[in-house]
Structure formats: structure tokens, C-alpha cells
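Please open the structure in a viewer and keep the sequence at hand.

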Amino acid sequence: MVLDFLAVDDFDFTRKIIILGPDSPVKLLGHQMVASYDKTKLYTIGNNDPDHSNEIYQLSCGDKSMTDCEWTEMATKLQDGRYYHVAFLISNDLTQKICN
């Protein structure tokens with residue numbers, strides 16, 4: 001299944017409704033999604049489409065109502081494009097130990 005929108009941003013359990021977010025900037029297939037530690041941003045990483053397999057996109061919202069959300073293509077790119085891969089967060093402390 002190829003997604004060209006973020007299908008579910010929020011589910012209101014009291015009213016049993018799905019709140020749709022903004023369309024993603026590219027069709028998504030074979031990507032991974034990771035939330036920031038503080039749960040304020042969502043990242044899509046990689047893609048099965050060779051034109052977008054090294055890209056990282058960030059979804060951020062102005063408030064919790066999900067009415068002011070936007071996707072931004074990150075300046076940081078994957079050195080080698082990826083798809084159907086694994087992605088997870090690591091702490092800044094661990095990053096410093098690995099990279100220095």
C-alpha cells in the first residue's frame with residue numbers, strides 16, 4: 001500500500017473519530033516513522049521511490065489540535081537511500097560517544 005497522506009494523526013476515543021493530518025509531501029512506501037523524544041515531531045525516513053529514498057521529512061504541529069501541522073523536508077539526508085529498513089531513536093549521549 002502506498003500512502004500519499006498521513007492516515008491517522010489522532011484518534012479521539014471519546015467521540016470515536018479519526019483526525020486526518022496534512023498530506024505527506026511524497027508518496028510513502030517502504031519508509032519508517034519515528035517520533036521525537038518529546039512527542040512533538042514525527043519523522044519519515046527513507047522511501048521505496050529512488051527519487052526520495054535518502055530523504056527525511058518532519059511533521060510538526062503548532063498545537064495539539066492538529067489544525068496547524070506541516071511537513072518539512074530536512075536538510076539532513078541519508079548518505080545511502082533506504083527502504084524497508086529499521087529506524088529508532090538513540091540518545092544524544094550515545095550519539096556523542098559513537099561520533100567522537
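A nonpolar core is a set of buried Ala, Val, Leu, Ile, Met, Phe, Trp, Tyr and Cys residues joined through side-chain atoms within 4.5 Å. The model on display is a predicted one.

**The core**

With that definition in mind, select Val26, Leu28, Tyr57, Leu59, Cys69 and Trp71; these six residues make up the largest nonpolar core. Strands β5 and β6 each supply at least two residues of this core. In soluble globular proteins, nonpolar side chains tend to be buried together.

Next, centre the view on Tyr57. Leaving aside residues up to four places away in sequence, Tyr57 touches a list of residues that includes Pro25, Val26, Leu42, Tyr43, Thr44 and His52. Also among the contacts of Tyr57 are Trp71, Thr72, Glu73 and Met74.

**The sheet**

Now display the strands. Four of them form an open sheet in the order β3-β4-β5-β6, and the pairing is antiparallel. Select residues 32-35 for β3 and 69-73 for β6: these strands stand at the edges, and because each has a single partner strand, one side of each is left without a neighbour in the sheet. From one strand to the next, the twist averages 20 degrees.

**The disulfide**

Which cysteines are linked by a disulfide? Select Cys61 and Cys69, whose sulfur atoms lie 2.0 Å apart in that link. The structure holds one disulfide. The link of Cys61 and Cys69 is right-handed, with 105 degrees about the S-S bond. A disulfide is a covalent bond between the sulfur atoms of two cysteines.

Are these two cysteines buried or exposed? Cys69 has a relative accessibility of 15% and therefore counts as buried, while Cys61, at 27%, counts as partly exposed. Then move to Cys99, which counts as exposed because its relative accessibility is 58%.

**The salt bridge**

For the last stop, select Glu73 and Lys77. These residues form a salt bridge, in which the closest N and O atoms are 2.3 Å apart. The count of salt bridges comes to one. Side chains of opposite charge can pair when their charged atoms come close. Glu73 has a relative accessible area of 39% and is partly exposed; Lys77, with 36%, is partly exposed.

How values were computed. Residues are numbered from 1 along each chain as its sequence is written. This is a predicted model: local features need pLDDT of at least 70, side-chain atom pairs count only at pLDDT 80 or more; totals for chains, interfaces and linings use all residues. Side-chain values use heavy atoms; hydrogens and water are left out. A disulfide is a pair of cysteine sulfur atoms within 2.5 Å. Buried means under 20% relative accessible area, exposed over 50%, partly exposed in between (1.4 Å probe, protein chains only). A salt bridge is a side-chain nitrogen of Lys or Arg within 4 Å of a carboxyl oxygen of Asp or Glu. Two strands pair if DSSP finds at least two bridges between them. Helices (H or I, at least four residues) and strands (E, at least two) are DSSP runs, numbered from the N terminus. Axes are lines fitted to C-alpha atoms, for helices over the stretch in contact, and angles run from 0 to 180 degrees between N-to-C directions. Contact means heavy atoms within 4.5 Å.
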